[in-house]
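Work through the exercises below with the model open beside you. Try each task before reading its solution.

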Amino acid sequence: MPPKLCALCHDAKAMLKRPKTGQQICRECFFYVFETEVHNTITEAKLFKPGDRVAIGASGGKDSTVLAYVMKILNERYNYQLELFLLSIDEGITGYRDDSLETVKRNQEQYSMPLKILSYDELYGWTMDAIVSEVGRKNNCTFCGVFRRQALDRGAAMLGVDHIVTGHNADDIAETVLMNIMRGDIARLGRCTSICTQGEDTIRRSKPFKYAYEKEIVMYAYFKKLDYFSTECIYSPDAYRGHARTFIKDLEAARPSAIIDIIHSGEAFEVREEVKLSVTLKERASVAVTCLPMYLCKACSLLEGLERGMARSGISDGERKKLEALGDAPSNMRTIPRFERAGQVADVAIEAPSSNGGT
C-alpha cells in the first residue's frame, strides 16, 4: 500500500495527524498552517501596531519557547516591526525554576533577544520555597499566581514595553472557563476568554496561542527541535487546575473539538451589567496588581500575611479577620517596592545576546 500523501500539498508523505483537525499532513505543511493560524489570530485581533515594544513571558517551557520562536519568525516574515524582549520571572523553586532559566538563557542566544530576569526574592523578599514552607502545598499556587502576575507587570514596566504576550494556549483557556463555572465565578466568565486584557493599572497583555492546541505546540517544538524545559513544577500536582485539566483531556479524547467548543461557549457568555457593576472597590483591589485607594492589592495582602507570620490570612477569611484584629502593620514591615515605567531599555539592567548568538 503506497504511503498516504499530505492532505494539503498532496505531494510529500503525511508524517503526522493534527490533533486539532484530524488532517494527515507533512511536516512542512504543519509548520506553515500552525504559524499561519497564529498570524491570523494576531491580525484579526489587531494585537500589535508597528513600533510596539513587546515582552514575551519566558519560562523555558514548551509554550513560551515556541511562542518566542514563532513571534520572531512572524515578526520577520510579515514585517510587524516589533521590538521583542524575553521577560522571565524567577519564583525561587529549587530544582525547577533555576534549571528552566538556564534554558531561557540559551533561548536568548538562539533567538537574539534581550533578556530581563526578575525574581520573587528581589521583589517580595520571599521565594516560593520559603512560601511553601509557611503555607504548605495545598494553597501555594494562589501566592505564586498573584505574585507572578504582578512581577510580569513590574518587569514589563522596568523594560518600558507596551505589551506582554504569554504562552497560554487553547487548553489553558478551556480549563479556566471550566474552573470559573465550577467556582460559580460568573463575572470572570465574561473576560476569561478575552485574547487581550488591560486594567487601569496594568500593561496590555495578550495570548497569541489562544486557539492553539497544547498537543500541536508540543509537536511543533519536537519537529523543530526547539530547546525547552519539560519538567513540571514540583508544587503544581496539588493545584485545583489539575482537576479541570484531567477533565479536559478526557473530553478531548472523546471529541477533539471539545477544547475549541468550550472556548467558543465562554466567548458567547453574556454577563449582565449589574453583575459587572457589583464588583466593589475592595474586590477590585483583591485582583489588582497595584493598591487601590483604602485597600491593599492582593499581592500586598498576601505579603503582609507572610511578613506578620499569618500566611494563611491571604486565603482564609477567618485568618484575615485575626490579622486585622492585630491592628496596623508595623512601620518597618517589608513592603513591595514601587516601580516607575522606564522610558528607555537602558534604564534597567538586561542581558543582551552576545554577538555570536544564533538566530
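This is a predicted model: local features need pLDDT of at least 70, side-chain atom pairs count only at pLDDT 80 or more; totals for chains, interfaces and linings use all residues.

**Exercise 1. Describe how helices H6 and H14 pack against each other.**

Solution. Start by locating the two helices: H6 covers residues 140-159 and H14 covers residues 298-307. Their axes lie 9 Å apart, at an angle of about 130 degrees. The crossing of the two helices is left-handed.

Next, list the residues that meet. H6 contributes Thr142, Phe143, Val146, Phe147 and Gln150, while H14 contributes Lys298, Ala299, Leu302, Leu303 and Leu306. Sorted by class, the contact has 7 nonpolar, 2 polar and 1 charged residues.

**Exercise 2. Find which residues of the largest nonpolar core touch the most other members, and which elements supply the core.**

Solution. The largest nonpolar core has 43 residues, and those touching the most other members are Phe34, Ile56, Val66 and Tyr220. At least two residues each come from helix H1 (27-44), strand E3 (53-57), helix H2 (62-77), strand E4 (83-90), helix H3 (97-111) and helix H9 (214-224). H2 gives the most, with 8 residues.

Now take Val66 as an example. Apart from its neighbours within four places in sequence, Val66 is in contact with Phe34, Phe209, Ile217, Tyr220, Ala221 and Leu226. As a general point, nonpolar side chains in soluble globular proteins tend to be buried together.

**Exercise 3. State which residues of H9 are buried and what covers them.**

Solution. The buried residues of H9 are Glu214, Glu216, Ile217, Met219, Tyr220, Ala221 and Phe223. Their cover includes strand E1 (16-17), H1, H2, helix H7 (170-183) and helix H10 (241-254). Finally, look just past the end of H9, where Lys225 takes a positive phi of about 60 degrees.

**Exercise 4. Decide whether Ala239 counts as buried or exposed.**

Solution. First place the residue: Ala239 sits in the loop between H9 and H10. The cut-off for buried is under 20% relative accessible area. Ala239 has 15% relative accessibility, so Ala239 counts as buried. Then check its distance to another part of the chain: the C-alpha atoms of Ala239 and Asn140 are separated by 8.3 Å, although the two residues are 99 residues apart along the chain.

Key. Residues are numbered from 1 along each chain as its sequence is written. Side-chain values use heavy atoms; hydrogens and water are left out. Axes are lines fitted to C-alpha atoms, for helices over the stretch in contact, and angles run from 0 to 180 degrees between N-to-C directions. Helices (H or I, at least four residues) and strands (E, at least two) are DSSP runs, numbered from the N terminus. A crossing is left-handed if the near helix is turned anticlockwise from the far one by less than a right angle, and right-handed if clockwise. Contact means heavy atoms within 4.5 Å. Ala, Val, Leu, Ile, Met, Phe, Trp, Tyr, Cys and Pro count as nonpolar, Asp, Glu, Lys and Arg as charged, and the others, Gly among them, as polar. A nonpolar core is a set of buried Ala, Val, Leu, Ile, Met, Phe, Trp, Tyr and Cys residues joined through side-chain atoms within 4.5 Å. Buried means under 20% relative accessible area, exposed over 50%, partly exposed in between (1.4 Å probe, protein chains only).
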